[in-house]
Amino acid sequence: MATDYDEVRPDVAEARKASLEAVKSANAPDARSVSRDLDEEDTSDGVELAGADLSNEELTVTVIPQKEDEFLCGSCFLIRHRTLLARESNGVAYCRDCEG
């Protein structure tokens, strides 16, 4: 007798049905309670609200100069390593990702 290896085994089918029944019978929260919980967490201290006055804030960024073995891609404007150089024309270099 030939065996169909693609057919779902009976023990696997029963396990799937049992797990589906367990999920259906679980006491899951409704969509409204989840939405309420998310709204309460959104106003935490770490989140800036729209329209907040940030004029007295100062942004500190460390600028690392371009190294000798790097170039600026003229298409994506990312600093890339020389090994990713695809072509250079009119003094503008292009990376392999942009040249595709």
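This is a predicted model: local features need pLDDT of at least 70, side-chain atom pairs count only at pLDDT 80 or more; totals for chains, interfaces and linings use all residues.
Of the 100 residues in this chain, buried residues make up 7%. As for contacts with a separation of 6 or more, residues 24 or more positions apart account for 4% of them.

Let me turn to the secondary structure. The chain comes to 3 helices and 4 strands. Read from the N terminus, the order of the elements is α-α-β-β-β-β-α. I shall refer to several of these elements by number: helix α2 covers residues 31-42 and strand β1 covers 70-72, strand β2 covers residues 79-81, strand β3 covers residues 85-89, strand β4 covers 92-95, and helix α3 covers residues 96-99.

Now to the salt bridges. How many does the structure hold? There are 2 salt bridges. One of them joins D97 to R80, with the closest N and O atoms 3.1 Å apart. Because D97 belongs to helix α3 and R80 to strand β2, this pair ties together parts that are 17 residues apart in sequence. Are the two partners buried or exposed? D97 is exposed, with a relative accessible area of 57%. R80, by contrast, is buried, since its relative accessible area is 16% and the cut-off for buried is under 20%.

The other pair is E99 with R87, where the closest N and O atoms are 3.0 Å apart. Here too, distant parts of the chain are linked: E99 sits in helix α3 and R87 in strand β3, 12 residues apart. E99 counts as partly exposed at 36% relative accessibility, and R87 is likewise partly exposed, with a relative accessible area of 38%.

The next topic is the cysteines. By way of background, a disulfide is a covalent bond between the sulfur atoms of two cysteines. The structure holds 0 disulfides. C76 is in no disulfide, and the nearest cysteine sulfur, that of C73, is 3.6 Å away. C76 itself is partly exposed, with a relative accessible area of 28%. C98 is also in no disulfide; the nearest cysteine sulfur to it belongs to C95, 3.6 Å away. C98 counts as partly exposed, at 33% relative accessibility.

I move on to the loop between α2 and β1. V61 is found in this loop. Together with L59 and V63, V61 makes a nonpolar surface patch of about 380 Å². V61 counts as exposed, at 58% relative accessibility. The loop between α2 and β1 also contains E68, which counts as exposed at 82% relative accessibility. Between the C-alpha atoms of E68 and H81 the separation is 9.2 Å, and these two residues are 13 residues apart along the chain.

F77 has a phi near 60°, a positive value in a residue other than glycine. Where is F77 placed? F77 is in the loop between β1 and β2, and it is exposed, with a relative accessible area of 58%. N90 has a phi near 55°, again a positive value in a residue other than glycine. N90 lies in the loop between β3 and β4 and is exposed, with a relative accessible area of 82%.

Thank you for your attention.

Technical notes. Residues are numbered from 1 along each chain as its sequence is written. Side-chain values use heavy atoms; hydrogens and water are left out. Patches are made of residues with over 30% relative accessible area and no salt bridge: like charges are joined within 9 Å, nonpolar side chains (Val, Leu, Ile, Met, Phe, Trp, Tyr) within 5 Å. Accessible areas come from the Shrake-Rupley method with a 1.4 Å probe; for residues, only the protein chains shown count as cover. A salt bridge is a side-chain nitrogen of Lys or Arg within 4 Å of a carboxyl oxygen of Asp or Glu. Helices (H or I, at least four residues) and strands (E, at least two) are DSSP runs, numbered from the N terminus. Buried means under 20% relative accessible area, exposed over 50%, partly exposed in between (1.4 Å probe, protein chains only). Contact means heavy atoms within 4.5 Å. A disulfide is a pair of cysteine sulfur atoms within 2.5 Å.
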